[in-house]
Amino acid sequence: MKNCIFCKILDGQIPSYKIYEDEYVYAFLDINPSTKGHTLVIPKEHVIDIYDMDEETAAKTFQAIPKIASAIKKAFNPIGLNIVNNNQKPHQVVFHYHIHLIPRYEDDSFKISFFNNEPTSEELLDIKEKIIANL
Ligand code: 5GP
Ligand code: ZN
């Protein structure tokens, strides 16, 4: 896709620190890493976001992740790993689908917060039904 920064990386027009590549997937270091070893995994096919992704592309993209995650773990011995994928407004900046592998270290400055709401069982039931109706 013209004007897509990650397609340009795939084409070799923009250099990258390649970690892994197969027929369907390319993984490279994030240029502005949140932590040491922060890696992006992308499908070679230009897919905008999770809503633009078919099941086959999703399967092939995710298939590469355990191997890459394990390599990062062996390389740097992090205390854990966050797998993050921003879709649309909440923080998606590059519109070529990508998965962030963010190894975590004691006292790193990466923040991810889950606010725990307390819905009633009726509310949970209603939410569940609404999602199921759209599967
Ligand atoms: P998003 O916010 O869209 O989920 O994440 C986009 C990520 O792409 C950011 O973490 C940013 O640092 C990274 N990024 C943007 N441009 C480049 C680039 O040219 N090369 C590399 N390696 N990473 C990039
Ligand atoms: Zn692209």
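Start with Cys 7. It is buried, with a relative accessible area of 9%. Keep in mind that this is a predicted model. Cys 4 is buried as well, because its relative accessibility is 7%, and the cut-off for buried is under 20%.

So what do these cysteines do in the model? Both give their SG atoms to the zinc ion, ligand 2.

What is the geometry of the zinc site? It is tetrahedral. The angles among the four donor atoms are 105 to 116°. For reference, the ideal angle for four tetrahedral donors is 109.5 degrees.

Now the spacing along the chain. The zinc donors follow C-x2-C-x38-H-x49-H. Look at Cys 4 and His 96. Cys 4 sits in the segment before α1, which is 5-11. His 96 sits in the loop between β4 (80-84) and β5 (99-104). The pair therefore ties together parts that are 92 residues apart in sequence. And both Cys 4 and His 96 are buried.

One more point on cysteines. How many disulfides are there? The count comes to zero. The rule asks for a pair of cysteine sulfur atoms within 2.5 Å.

Next, ligand 1. Which residues are closest to ligand 1? They are Asp 30, Asn 86, His 91, Val 93 and His 100. In total, 16 residues surround this ligand.

Let me go through some polar pairs. A nitrogen atom of ligand 1 is 2.9 Å from a polar backbone atom of Leu 29. An oxygen atom of ligand 1 lies 2.8 Å from an N or O atom in the Asn 86 side chain. For Val 93, a backbone N or O atom is 2.7 Å from an oxygen atom of ligand 1.

How much of ligand 1 does the protein bury? Taken alone, ligand 1 exposes 520 Å², and the protein buries 84% of that.

Last stop, Ile 31. Where is Ile 31? Find the loop between β2 (25-29) and β3 (39-43). Is Ile 31 buried or exposed? It counts as exposed, because its relative accessibility is 67%, and the cut-off for exposed is over 50%. From Ile 31, look across to Tyr 17. The two are 14 residues apart in sequence. In space, they are 8.5 Å apart, C-alpha to C-alpha.

Notes. Residues are numbered from 1 along each chain as its sequence is written. Chains are lettered from A and ligands numbered from 1 in the order in which they are written. This is a predicted model: local features need pLDDT of at least 70, side-chain atom pairs count only at pLDDT 80 or more; totals for chains, interfaces and linings use all residues. Side-chain values use heavy atoms; hydrogens and water are left out. Donors are N, O and S atoms within 2.8 Å of the metal (3.2 Å for Na, K and Ca); water is not among the atoms, so sites may look incomplete. Four donors count as tetrahedral if all angles lie between 85 and 135 degrees; four count as square planar and six as octahedral if opposite donors are over 155 degrees apart and all others between 65 and 115; anything else is irregular. Helices (H or I, at least four residues) and strands (E, at least two) are DSSP runs, numbered from the N terminus. Buried means under 20% relative accessible area, exposed over 50%, partly exposed in between (1.4 Å probe, protein chains only). A residue is near a molecule or strand if one of its heavy atoms lies within 4 Å of it. A polar contact is a pair of N or O atoms within 3.5 Å; within protein, one must be able to donate a hydrogen and the other to accept it, and residues adjacent in sequence count only if both atoms are side-chain atoms. Accessible areas come from the Shrake-Rupley method with a 1.4 Å probe; for residues, only the protein chains shown count as cover.
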